[in-house]
Amino acid sequence: MDATMDYDDHCAEIVHQAELLSSHLDASTSLTASVPSCPDWNLAQLLRHLGEAHRWVEDLVRTRATEPPPETALRVLPRDTTETPAALAAWLTEGARLLADTLRAAGPDARIWTPLPSGSPRFFARRMAHETVMHRADAALTLGADFTVEQRVALDCLDEWMELGSLPEMFDHHPDRRALLGPGRTLHFHATDTPPEAAADWLVDLTGDTLAWRRTQEPAAVSVHAPLTDLLLLIYGRVPGDSGAYEITGDAELLEFWLARVLFG
């Protein structure tokens with residue numbers, strides 16, 4: 001199986017992940033349940049945020065925006081809702097399909113505003129695919145549902161996280177991350193449930209002047225071994241390292257320091 005994802009794959013994954021999330025919602029679902037991985041939100045706010053994010057990007061791509069549209073709808077999220085879980089599920093999947101259709105119609109090389117280097121719909125197709133994956137994780141953690149991710153999707157999700165987190169622009173947005181840099185500061189993450197050809201190893205190198213990473217299996221100051229989905233949840237800040245799923249060897253304080261400074265998504 002091809003382990004890489006392209007533009008069409010990302011478009012399709014936006015819809016697939018939204019549909020998987022929506023499948024967890026039924027008449028018994030409490031929309032006021034607190035989301036443990038996003039503690040300021042309840043489930044209704046989580047769903048609203050994701051659905052509005054899809055529509056925000058759809059508008060941006062469709063209009064070939066050269067600056068970002070207002071973000072009020074996806075940032076200001078009332079805690080109360082009169083909608084049923086079924087209505088919110090339908091609204092969520094509708095927005096995901098609309099976004100995927102608009103991305104496909106625009107094509108990967110149209111020129112639009114993006115918050116980080118790219119300037120094309122490629123950025124948003126990948127970002128929204130993984131945004132939907134991780135908010136599905138948030139919903140699953142809230143509802144006690146199973147959460148698994150196809151191998152190539154999880155690999156791409158982690159690669160994108162590493163790529164965005166290591167951009168030099170991140171120091172402009174988060175100057176406190178410079179404190180991560182220092183001699184001997186390396187972290188290694190290894191997926192224990194993937195075949196060798198998946199090359200599911202990430203080495204984070206903080207020893208230079210920038211945040212760097214590479215897919216390789218090398219000794220490091222701290223190493224984390226866990227199944228691929230569990231690594232995804234840890235690195236995206238959805239579960240703590242002491243949850244029992246992780247074999248951590250070496251400098252655990254460095255791991256916690258790094259995780260606390262690099263959260264996003």
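Visitor: What makes serine 223 a partner of E5?
Guide: A bridge does: the partner of serine 223 in E5 is threonine 249. This is a predicted model, where local features need pLDDT of at least 70, side-chain atom pairs count only at pLDDT 80 or more, and totals for chains, interfaces and linings use all residues. Residues are numbered from 1 along each chain as its sequence is written, and side-chain values use heavy atoms, with hydrogens and water left out.

Visitor: Why are E4 and E5 called paired?
Guide: Pairing takes at least two bridges found by DSSP between two strands. E4 and strand E5 (residues 247-250) have four, in the antiparallel sense, so they count as paired.

Visitor: How do you know that E1 pairs with E4?
Guide: Five bridges join strand E1 (residues 186-191) to E4, and the two run parallel. One example: phenylalanine 189 has valine 224 of E4 as its bridge partner.

Visitor: What makes E4 largely enclosed?
Guide: Buried means under 20% relative accessible area, exposed over 50%, partly exposed in between (1.4 Å probe, protein chains only). In strand E4 (residues 222-226), four of the five residues are buried, so the rest of the structure largely encloses it. Across the 265 residues of the protein chain, 52% count as buried.

Visitor: What are the "helices" and "strands" here?
Guide: They are DSSP runs numbered from the N terminus: helices are H or I, at least four residues, and strands are E, at least two. The protein chain has nine helices and five strands.
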